Amino acid sequence: MTASPPSFRAWLRAGLISLALVVHGIYALPSPVAVDDADLNSGEGREEVRRWVEMLNGIGIALTAEELGELVKTWSTRGANVHNAMKRPFRTWMRQTGTGQGWGLFASPDTYPHRLEIYVFEGNDWVPIFRRNDPELRFLDGPLRYRRVRGIYDGSTGRQRVVYWNFSRWVARRALLAHPEASRVRVQMVGTHTTLPWEKPDPTEVVRAKRVFTREALFPDDGLAVP
Amino acid sequence: MQRLRGLVERYVRFWDATEHPRVLGVVRILLAIVVLYDFWQIWLYDLVTPLLGTQDTGGWNDLLARDTPPFLYQVLPAEPWVARLHFALLVLSAALFGLGFFTRTSAFVLMVLWAQIQLNSPLSDRAIDLLCRNILMIYVFAGGGRWGSLDALMRTGRLAGDGQPVGSWARYLIIGQLVVMYFTAGVQKVGILWLPIGHFAALYVILQDPALARFDFAYLASQPFFFFTQIGTAVTMLWQWGYPLVLLWYWYKNTPGRPGWLRAFSNRWHLHLWWVAIGAIFHLLLAITMELGIFPWAMLALYPAFVDPEELVDLWSRAVAWVRPGSRPQGAA
């Protein structure tokens, strides 16, 4: 006994699903992000290139960090350009529906991570009130741990973004309201360096994206803790 | 030619298969709970305006300075009530989706409004948001409201509906989405620390990132803890690279009459469920150790899609029997 041929509806469904699979397949292609000089010159970028050069030299492929960097830049840009061109016809649909593919999750672990810190100026000194993962300093701990907020500050350290400026002002207003004696608030990211257990520890910390807000600037009417 | 036509017809029939709607219903309810929890956090932390509003009204993003402002602000004025309305509609559509009330429409509305968050505030829209919207797109077309829903109640008089089958394609696409996500996440792990030549140190390094780690994991530098992180890194890579194997196990499961020792082994030991179990453990460990918000929970909400409706009943019966040893598993053979 042979099965009856699929209905028109079945053909239509299979066709539409196939179209969706093709489009999402294009989006899912694991193409590289275009690497630029800023990426290569970041601490993380330099370290990643150094480790690859060591490995490649170890197996007899003679490449300098500059040569490898240039290769990565050229080919990642070409790959990204081709991928972007393939995605272009579907971009509006994907943008308005917020759908797509792109799963570079922890593709390259960050050996130069940043830590958010908040200080208030009380008396004659800067007093810390928040330091990420410090159980003693937990001002605004809930919202600052929330994934959507973490994305704002953790994604802003390399660039001077308006969103980080507005975020830090939001933090500062809350800090001044909670600390009526404070005259200023400082919000900053502190760059650290993670070394492997057998490597020499690097205690260097670099302050980035530092923003200082005064009470007068944030509460201009009377400078007091009334928003 | 005949052979090609036969293959194409088999492909069409594959997408034409049907099944009981309970799995789609369970995934819908679990996903809605997770999404509502995420939205509740926006409300709890007073982030409605910062995340959804324009800069002039207290928002963090300079939406109106962009070449193409988000659609919402092209049609509505840049006033504070727009952010609140946006949020209220997000919550309402997520709740209606979970309740299964006009399920397809609520899935569509939720997806489009959620996409506006991405357009408003790209840095606060994470991979899990993208994944959830992809799943919502499937529900826009699927029969996800035929079980455990107000739609089912209105149509049949019962919350569980009348058991009328729905297309299996929706569940297949959810499985396919998870396979694509895990596999491409694996192949894009090009950082040397994921590889043997990088000493499988990726997990150790990630857990030292203050923005991601839930606790201070400095102690992982000492042994045997560092070794455990190396094992974790290697298993993550192997599991993600090998994820497409789950499709092979499913093929074996659906073709038990064919020959082959691997098919027999896979079916005897339910290898597809082992893959699912490893994934569940992976996500629970992520939830314990890292600050990733709803990511692990939303992923787990999709996991029921890995079992077919009959398997789900069977697993549920076994779980009940395990919790209450007196009761007999109904679905077990």
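Is His270(B) buried, exposed or partly exposed? The model is predicted: local features need pLDDT of at least 70, side-chain atom pairs count only at pLDDT 80 or more, and totals for chains, interfaces and linings use all residues. Residues are numbered from 1 along each chain as its sequence is written, while chains are lettered from A and ligands numbered from 1 in the order in which they are written.

**Figure 1. Chain B as a whole.** Chain B holds 16 helices and 2 strands. Helices (H or I, at least four residues) and strands (E, at least two) are DSSP runs, numbered from the N terminus. Along the principal axes, the C-alpha atoms fill a box of roughly 65 × 60 × 60 Å. Of the 333 residues in chain B, 44% are buried. Buried means that 20 or more other C-beta atoms lie within 10 Å of a residue's own; exposed means 12 or fewer, and partly exposed is in between, with C-beta atoms placed from the backbone. Take the contacts in chain B between residues at least 6 apart in sequence: 64% join residues at least 24 apart. Two residues are in contact if their C-beta atoms, placed from the backbone, lie within 7 Å.

**Figure 2. The side of chain A that touches chain B.** Here 54 residues of chain A are in contact with 60 residues of chain B. Elements of chain A that each supply at least two residues to this side include α1 (8–28), α3 (43–58), β1 (114–122) and α8 (162–178). The most comes from α7(A), with 7 residues. By type, this side of chain A has 26 nonpolar, 17 polar and 11 charged residues. Ala, Val, Leu, Ile, Met, Phe, Trp, Tyr, Cys and Pro count as nonpolar, Asp, Glu, Lys and Arg as charged, and the others, Gly among them, as polar.

**Figure 3. His270(B), between two helices.** His270(B) lies in the loop between α13 (261–269) and α14 (271–289) of chain B. Its phi is near 50°, a positive value in a residue other than glycine. Most residues other than glycine have a negative phi. His270(B) counts as partly exposed because it has 15 C-beta neighbours inside 10 Å.

**Figure 4. His199(B), with positive phi.** Phi of His199(B) is near 65°. This residue sits in the loop between α9 (169–187) and α10 of chain B. His199(B) has 17 other C-beta atoms within 10 Å, so it is partly exposed.

Figure 5. Pro224(B) is in the loop between α10 (202–206) and α11 (225–241) of chain B. Most peptide bonds are trans.
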